[in-house]
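Please read the following briefing alongside the sequence and the model, which are shown here before the description begins.

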Amino acid sequence: MRLAVREALLAFRRAPLLSALSVTTIAVSLFAFGLFGLVAVNLRDALRQVEERVEVRAFLAEGTTADAAAAAIGDILAFPEVATATYVTSEQALARARRELGEFEDVFDGGVLPASIEIRLKEGARDPGTVGAVARRLRNFAFVDDVRYGAEWVEKLYRVRTIASIAALALGVAFGAVAIIVIGATIRMTVLARAREIAIMRLVGATDGFIRLPFLLEGLAKGVLGGLVALGATWIAATVISAQIFAVSFFEPRVAILGVLCGAVLGLLGSAVSVGRQLKKV
Amino acid sequence: MIRYTSVHKEYPRTGVALTGVSLTVLKGEFVFLTGPSGAGKSTFLKLLYFEERPTRGEVKIGPVSSATASKSDVAKLRRRIGIVFQDFRLLEDRTAEQNVAFALEVIGTPRAVIPAKVNRALQQVGLAAKATALPRELSGGEQQRVAIARALVNDPMVLIADEPTGNLDDRATRGIFELLRSINASGTAVLMATHNLDLIRKNPFRTLELNRGQLVFDSADSPAGAEDL
């Protein structure tokens, strides 16, 4: 094992340019992956914020008493999907309208807005299907006149999220594949550059596992180094965007560590695939 | 110790390389292998260290058979075989002693015993004084000695030498051959492929001649025959 580690480290010293090229290409691949990850993280945060605003509003028929509304709220809170249910009186609705739509204040003079119950749903229950189902159940209350939840808006929001998730997955897989190919190609060059050494190792009785180990370690080290460089570059990019354009959030520490580990796995995979194939040729 | 039984080797592109070769080499024997270029000498030797496997027939060295040996068996077998080539096959960026030590390191020899073994092998080939020289700082004969030291360092039961003097002048050739003889005298079997008929004529060792893949002459069958080569 000690020899394998030494050989893996020596590979960096013997071919510094090739090694630097390998680490750089891995870093660039992972940086692209990291940038996309950053977009995905911020998009997810933004969507979560928007999603939190999904609410269902049940407008009550004229003459519904406060007691009836309170009883209904008790029933509604028993729905497993419901987080909060708030009674909004006619006066409160009017006051809010005047506050939020100040420029149309005079329109509301002497007007009447219906009382309503505002319902916020729990996380995970804000998809169009669940929101629609809750709305249908609310319509069954005799004194509920109308239920609104911006059906189209909720559906669009979810469509955007689904597209973003699929794009994240597809691009993640694509960048991952590119990283594996790049690492594989650099390991291939290293194997070919050391063909003589490998041939001698075989002649004197080294096992294939022993011959493979330094290359796997080399791939692992390149993956980790590339991952660290990519992480640093992504952090710089996030800092610059935050300072110059708009605030973006960076990866949580465990996600950052996972990213570097991802580099390590890519490095290991790339070298494992390449070294197995190339060893047959030398 | 070594047994070839009806060995036939055919390559997909170049066709038949060896056909119907059967022979036995005893422990501690010195054997010349000769024949024109393309006769099958290298294939014969590659079959011996299991670089190639016979298309038909069997090569057996000690208890290891070409018919059943796994990759791991082959690796273990090669630790008991020393191999030397015409082109030395040294690592250019490592010193003589590092080249020899390499053969021990890659099979997991404990680090503590490596320097002593390397020193002994270099002394055996008369190169202890040049242990720290790089291959490019050594003459052809000296490089071949380093290669022989590397082949010897694991105390092999057989030393395979594929044209070991092919790149050397007469004086270096004599030196290398004397070295191989002394190695053989200490009990290691030596199989040496060579074109040098002069060397064969002057030394009364068993001689095998290959021609077009067939074993056309074995001096063990006709002891006086080496004179006819």
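Helix α1 (residues 41-48) of chain B is mostly covered, with seven of its eight residues buried; a residue is called buried if 20 or more other C-beta atoms lie within 10 Å of its own, exposed if 12 or fewer, and partly exposed in between, with C-beta atoms placed from the backbone. This is a predicted model, in which local features need pLDDT of at least 70 and side-chain atom pairs count only at pLDDT 80 or more, while totals for chains, interfaces and linings use all residues. Residues are numbered from 1 along each chain as its sequence is written, and chains are lettered from A and ligands numbered from 1 in the order in which they are written. Helices (H or I, at least four residues) and strands (E, at least two) are DSSP runs, numbered from the N terminus.

**Chain B: overall make-up and helix α1**

- The secondary structure of chain B comprises seven helices and 10 strands, and 42% of its 229 residues count as buried.
- Taking contacts in chain B between residues at least 6 apart in sequence, 67% join residues at least 24 apart, where two residues are in contact if their C-beta atoms, placed from the backbone, lie within 7 Å.
- The buried residues of α1(B) are K41(B), T43(B), F44(B), L45(B), K46(B), L47(B) and L48(B), and F50(B), just after this helix, takes a positive phi of about 60°.

**Chain B: the six-stranded sheet**

- An open sheet of six strands in chain B has the order β6-β7-β8-β3-β9-β10, with mixed pairing; two strands pair if DSSP finds at least two bridges between them.
- Its edge strands, each pairing on one side only, are β6 (81-85) and β10 (214-218) of chain B, and the twist from one strand to the next averages 20°.
- Strand β3 (residues 30-34) of chain B pairs in the parallel sense with strand β8 (residues 189-193) of chain B over four bridges, and L33(B) stands opposite A193(B) in β8(B).
- β3(B) is also joined by four bridges to strand β9 (residues 206-211) of chain B, again running parallel, with T207(B) in β9(B) as the bridge partner of F32(B).
- β9(B) and β10(B), in contrast, run antiparallel and are joined by four bridges; the bridge partner of L208(B) in β10(B) is D218(B).
- The hairpin of β9(B) and β10(B) has two residues between the strands, and R212(B) in this hairpin takes a positive phi near 45°.
- Helix α6 (residues 170-185) of chain B lies across β3, β7 (158-162) and β8 of chain B, running at about 150° to β8(B); axes are lines fitted to C-alpha atoms, for helices over the stretch in contact, and angles run from 0 to 180 degrees between N-to-C directions.

**Where chain B meets chain A**

- In this interface, 13 residues of chain B are in contact with 12 residues of chain A.
- The elements that give two or more residues to the chain B side are α2 (71-78) and α3 (96-105) of chain B, and α2(B) supplies the largest share, five residues.
- The chain B side divides into six nonpolar, one polar and six charged residues, where Ala, Val, Leu, Ile, Met, Phe, Trp, Tyr, Cys and Pro count as nonpolar, Asp, Glu, Lys and Arg as charged, and the others, Gly among them, as polar.

- G232(A) is found in helix α8 (residues 208-244) of chain A and counts as partly exposed, because it has 13 C-beta neighbours inside 10 Å.
- The C-alpha atoms of G232(A) and F31(A) are separated by 8.9 Å, although these residues are 201 residues apart along the chain.
- Among the buried residues of α9(A) are G259(A), C262(A), G263(A) and L266(A).
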